[in-house]
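Work through the exercises below with the sequence and the 3D view open. Try each task before reading its solution.

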Amino acid sequence: MIVRRLTLVLAAAAALCAALGASPREARAQLTTAETLTEAARLYDALEVERAVVLLRKVISPSTPFEVSKEQRVQAYTYLGASLAILGMRDSAITYFRAALERDPFADLDPTSFTQRERDAFAEARQRTLAVAARPVVARSVDPRTETLVFTVVSTQKTQLHVDVRRAASDSAAVVLLDRESEGVRELPWNGRLTDGRLVSPGRYALFVRGRAPSGTSDSTRLLFEVAHDHPPLEDSIPTPNGAQLLPERFPASAGTRDFARGAGLAAIALVIPALGNSRLGNGRSFAQGAAIGALAAGVTAFFVRRAHPINHANIAENDRRRALVATWNAEIARRNAEKLIGLRLVVTPSGAAQ
C-alpha cells in the first residue's frame, strides 16, 4: 500500500513538471535561492543567457517566496548585468551593475569569466556610482611591536577618501589612516596605537570611511570591531593606607584638658594622703603641699603645651613608615606587571556588519 501511494505521488510530481514545461531537475532548482543562482550561472556559462535572465529575475523579484541574502542579491544583479550586456542591452546592464555595486562596492568581474564588453559596461557603472565600503574584520591576534592590523576599504570611483579609527560611541580623538584622493581597493595598516602613541585600551572601536566625489555626492560607512588585550593575569596594587588604617596625626582638643585634670588629680591625692595619716607628721604635710603644687603646675604646663603644639610627630613618623612600605610593595607589583605586558597581544574580533 505504501509503495503504491509513493508511486502515485511521484507520478503526480512528474505530471506537474511536464505541465509546467520543466524537468524534475529544473523544478528542484527552484526550491532554494542558492540552487536557482547555481542553475542561472550554469546557463550563463553555456551562453543560454535568455534562460539565465528568467531565473535571475525570479531571484530579485519582490514576490519571490524564498529568502535572498545580500550576497545572493549582489550575485543575481551581477549576472543579470552581464547577461544583458551580452544581449546588447547596455543601459539595462549598467543599471543592474550599479545595483550590485550599491550593495557591495567590492563587487567586480573576473576577466577570466566575463568578456570585455561586460567589463566595459561594469566599468561605466562603477563611474556612475559612488559607494565606499570596508571589508569585515577577520578575528586575529597581533603583536603590536612587530605586526599591524590591516583594514581593506574601497571606493568605486575617484573620491576624496577619509578613513579613521576611533572609540565607538565616544568623542575620543580619531587616528587617521587615510585622507587623500583614492579609487578602488586600498589596504590600510594600523599599529594599534592612539594619536599620542599609547596602545589602545580594550573596548569597542569603529572604522569610519567617508568618500566625497568632485560632483559633491558622498557616501560613508562604519565598521565596528572589538579589541581585547591578551597577557598573563596582572596583580592588583595595594591601596595606600588611609582613614582607620592610620594613626591620628594631631592630638585631640581634649588632650590638654586631660593633662590638666591628671595634674590636678595628682595634686589632690598629694594633699589628701597626709590628712589621712598621723597628725604628728608635720614635715609630711609640707612635702605633700609641695608635691601638689608641682603636680598642678605640671598639669597647667601640659595644658598650654598641648594647645600650642597639637601635632603628634610620633604618629606622623609611623604613618609615613606605613605609606613607604606600601609604596615599596606597589613598585614591585608594577615592575612584575610591566614584565607581563611586554608580550601583550591585541585580539581583534568583528562586532557586527558594516553600517
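**Exercise 1.** Find the distance at which the side chains of Glu318 and Arg322 meet, and classify the pair.

*Solution.* Step 1: the side chains of Glu318 and Arg322 meet at 3.1 Å, N to O. Step 2: this pair is a salt bridge, a term for a side-chain nitrogen of Lys or Arg within 4 Å of a carboxyl oxygen of Asp or Glu. Glu318 and Arg322 lie in helix α10, residues 313–341. They are four residues apart, about one turn of the helix. Helices here are DSSP runs of H or I with at least four residues, numbered from the N terminus. Glu318 has 22% relative accessibility, so it counts as partly exposed. Arg322, at 27%, also counts as partly exposed. The cut-offs are under 20% relative accessible area for buried, over 50% for exposed, and partly exposed in between (1.4 Å probe, protein chains only). Step 5: look for a network. Salt bridges with shared partners join Glu235, Glu332, Arg335 and Arg336 into one network.

A note on the basis of these values: the model is predicted, local features need pLDDT of at least 70, side-chain atom pairs count only at pLDDT 80 or more, and totals for chains, interfaces and linings use all residues. Residues are numbered from 1 along each chain as its sequence is written, and side-chain values use heavy atoms, with hydrogens and water left out.

**Exercise 2.** Determine which parts of the chain the salt bridge between Glu124 and Arg90 links.

*Solution.* Step 1: the side chains of Glu124 and Arg90 form a salt bridge at 2.5 Å, N to O. Step 2: this pair links distant parts of the chain, with Glu124 in helix α7 and Arg90 in helix α6 (residues 90–103), 34 residues apart. Step 3: Glu124 is partly exposed, because its relative accessibility is 26%. Arg90 is partly exposed too, at 36%. Step 4: for the total, the structure holds 17 salt bridges.

**Exercise 3.** Is Arg126 buried or exposed? List its contacts as well.

*Solution.* Step 1: Arg126 is in helix α7, residues 116–128. Step 2: its relative accessibility is 16%, so Arg126 counts as buried. Step 3: a polar atom of the Arg126 side chain lies 3.4 Å from the backbone oxygen of Ala107. Step 4: leave aside neighbours within four places in sequence. Arg126 then contacts Leu101, Pro105, Ala107, Asp108, Thr156 and Gln157. Contact means heavy atoms within 4.5 Å.

**Exercise 4.** Which backbone oxygen lies 2.8 Å from a polar atom of the Thr78 side chain?

*Solution.* Step 1: Thr78 sits in helix α5, residues 70–86. Step 2: the backbone oxygen is that of Val74. Step 3: with a relative accessible area of 8%, Thr78 is buried. Step 4: not counting residues up to four places away in sequence, Thr78 touches Phe97, Ala100 and Leu109.

**Exercise 5.** Describe the backbone at Leu47, then the salt bridge of Glu48.

*Solution.* Step 1: Leu47 lies in the loop between α3 (33–45) and α4 (49–60). Step 2: its phi is near 65 degrees, a positive value in a residue other than glycine. Step 3: Leu47 is exposed, with a relative accessible area of 64%. Step 4: Glu48 forms a salt bridge with Arg51, and their closest N and O atoms are 2.8 Å apart. Step 5: Glu48 is partly exposed at 29%, and Arg51 is partly exposed at 38%.

Note on methods: Helix = DSSP H or I, 4+ residues; strand = E, 2+ residues; numbered from the N terminus. Polar contact = N/O pair within 3.5 Å; in protein donor to acceptor, adjacent residues only side chain to side chain.
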